[in-house]
Amino acid sequence: ATITVVAGQEPLEVSAVMAIGGESKIGFVEIATVELEKTHKPESTKEIGAVAMGMVTLHNDSQLDQALVATTRLLSPEGILFRLKNRVVVPAKGMIAVEVYADKEGRESEIGPAKFTIPGLNTAKQAAIYAVSDKPMIGGVRAVGIVTEEDLKLAEKELVVDLKKAGAEKLSVLHPELVAVYEIVKLEISADKEAGSDAEEFVLSSKAEVLGVFYNQTEADMLASGELAKRVVSEAEILIKNELRTATALVDYNLEDKTANLKISGVGAVSLNPNSQQLQKLIFFGKTKDEVRRYLLSLDHVRGVELKFTPAWINTVPQVADHVNVVVKNVE
């Protein structure tokens, strides 16, 4: 008879405190000061009025050069007023390209190509001296950032991550042979803009003290393994050692004494012990398939049973140990 027991693994979690530094002589507690400054752009924006600008070509169909001072007015057919940016002389029977800007802020100054008159000239000269634009005027509105509470909170959150990383890089070189838990124990952050301010960008300045608690991973694993072993309730269970995983968290610390307590959490698995008294061959002697199945399924961690009797006409388990084979197959 071959009796195959399908045993499942049950997760097991434990935790223990490891004292670091001081009289414990285990590990080290170090601290580093780091400073960072980061520039951020607001996520939200709003539109505000601005001065539209563009290029026009001044035409002079008269026989004489025409001088025009800076701020000379140019009027579009819709009555939108622009002004010359610089003084210019328009040559007789010639033309010249110049830069102009809107007299008023706002999107209404973003007009398309047009022919402009020069109101400052007399009527006769207006017919001979004029301006033409080939491209639209642009820039009548512009988007400006608005610093929000959400912007500040998000920026601070990112900065804290960077500070912790910078502190870890600074401390890690002290004990490269050990692993460490890092924590910010003192933090100062200030912003050059308040929530609700209009700004293209804002700057956060920060200073932090980063704590590094260094420990030996092997010792932590041994501590967790010992705690896991204590949780095996009977000889019928076995701890699956290769399932051990450990995690570490800072519980408390004392900066003056340079001591700290770490919580070592272990996650392992227990399963049916193949050498358990519950699986002795003697227990199965003379039992039918149904009796064997009912018995095994009553045990902890057993998920299934597979039975094979040879020859097929055998109805009970042989009462000779050499004729009985008990196999435990572990599954997750």
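Student: Is leucine 171 buried or exposed?

Tutor: This is a predicted model. Buried means under 20% relative accessible area. Leucine 171 has 2% relative accessibility, so it counts as buried.

Student: Where is leucine 171 in the chain's layout?

Tutor: Leucine 171 sits in helix α2, residues 149–172.

Student: Which residues does leucine 171 touch, leaving out those up to four places away in sequence?

Tutor: Among them are Glu30, Ile31 and Ala32. Tyr182, Val210, Leu211, Gly212 and Phe214 are also touched by leucine 171.

Student: What separates the C-alpha atoms of leucine 171 and glycine 212?

Tutor: The C-alpha distance is 6.7 Å, though the two residues are 41 apart along the chain.

Student: Why does lysine 93 count as exposed?

Tutor: Exposed means over 50%. Lysine 93 has 56% relative accessibility, so it counts as exposed. Lysine 258, with a relative accessible area of 40%, is partly exposed.

Student: What about peptide bonds?

Tutor: Most peptide bonds are trans. The bond from threonine 310 to proline 311 is cis, with omega near -5°. Proline 311 lies in the loop between β19 (302–308) and β20 (325–331).

Notes
Residues are numbered from 1 along each chain as its sequence is written. This is a predicted model: local features need pLDDT of at least 70, side-chain atom pairs count only at pLDDT 80 or more; totals for chains, interfaces and linings use all residues. Side-chain values use heavy atoms; hydrogens and water are left out. Helices (H or I, at least four residues) and strands (E, at least two) are DSSP runs, numbered from the N terminus. Buried means under 20% relative accessible area, exposed over 50%, partly exposed in between (1.4 Å probe, protein chains only). Contact means heavy atoms within 4.5 Å.
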